[in-house]
Amino acid sequence: NKSYLIQKQSNYSLSFKLCNEALAIIQDKKNEKGAYIPPDDEFAADVEKFRISRKVGVFHQLGNTYRGAGNPEKAIEYFKKVILIQEEIKSKYGNVTANMNIGSIYFSMEKLDSALIYSNRALKNANSTGGWKTYLGNILVNIGYIYLKRGSLDSAKTYFKNAIFVSNQQNNLQGEISSNNAMADLFEKLNQTDSM
C-alpha cells in the first residue's frame, strides 16, 4: 500500500491525495466489471461487496494519516467508518484494529471510559476472529494501561501478565517487548525497582 509507506514517512498531504484517488476508484460502481478478486477473498462470490470492502483499507489508512497529522477526532471518525462498513457487509473479520485504534486514541486524549469501551470491543473481536488474535497482546496492554491510569493496579497487572503470556504463546517478540515494558511501568509506579 503506497499510501501507508508515504504516511510512515510523514508525507501526509501525499497520503491524503493517494487515499482520495483510491476512494474515487472504489466508489465508482463501473470498476466492478472485470475486477480481479482473489479466489480466497471472503467476498469472492460477490463483486459488489468486494468493491465495498476495499473502502475498509482506504478509510483505515485515512484514520492512520489523520492520527499521524495530529487530528485525533478525524482519525476516530474514519475508524468508525471502517466499523460501519464491516458491519454493513457482514465481514467475518470483525473490527479488531479499528476498535483497537479508537481505544488507543481515546486513551491519548485522556477519555478513559471511551478508551475502555473500544478496547474491550477490540478484545472481543480478536477472540472471535481467529486470524486477528495476533493483536491480543497489544489490546491487553492497552487495557492494562487504562487501568494503570485509573489507579486500578491489580487489574493493570492482570492485563499485563496476560499480554506477556499471549505474546509469548504467539512467539510475538514485539508484543513481548511492549508487554514487559508495560509491566516495568507498573512496577515503577509501585516503587518496586528490583522487579522493574
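This is a predicted model: local features need pLDDT of at least 70, side-chain atom pairs count only at pLDDT 80 or more; totals for chains, interfaces and linings use all residues.
Now, which residues of H2 are buried? We have Ser-15, Phe-16, Leu-18, Cys-19, Leu-23 and Ile-26. Look down the axis of H2 and those buried residues fall within an arc of 165 degrees, so they line one face of the helix. Over on the other side of H2, Ser-13 and Ile-25 are exposed. If you want the background, an α-helix has 3.6 residues a turn, so residues three or four places apart point the same way.

Next, a pair of helices. H3 covers residues 47–68, and H5 covers residues 96–108. The axes of H3 and H5 come within 11 Å and cross at roughly 15 degrees. Angles under 35 degrees count as roughly parallel, so that's what we call H3 and H5. The crossing of the two is left-handed. Who makes the contact? On the H3 side, it's His-60, Asn-64 and Arg-67; on the H5 side, Thr-97, Ala-98, Asn-101, Ser-104 and Ile-105.

Let me finish on one of those, Thr-97, which sits in H5. Is Thr-97 buried or exposed? Its relative accessible area is 16%, and buried means under 20%, so Thr-97 counts as buried. Setting aside neighbours within four places in sequence, Thr-97 is in contact with His-60, Trp-132 and Tyr-135. And His-60 is one of the H3 residues in that helix contact.

Key: Residues are numbered from 1 along each chain as its sequence is written. Side-chain values use heavy atoms; hydrogens and water are left out. Helices (H or I, at least four residues) and strands (E, at least two) are DSSP runs, numbered from the N terminus. Buried means under 20% relative accessible area, exposed over 50%, partly exposed in between (1.4 Å probe, protein chains only). Contact means heavy atoms within 4.5 Å. The arc is that of the directions from the helix axis to the C-beta atoms. Axes are lines fitted to C-alpha atoms, for helices over the stretch in contact, and angles run from 0 to 180 degrees between N-to-C directions. Angles under 35 degrees count as roughly parallel, over 145 as roughly antiparallel, 65 to 115 as roughly perpendicular and the rest as oblique. A crossing is left-handed if the near helix is turned anticlockwise from the far one by less than a right angle, and right-handed if clockwise.
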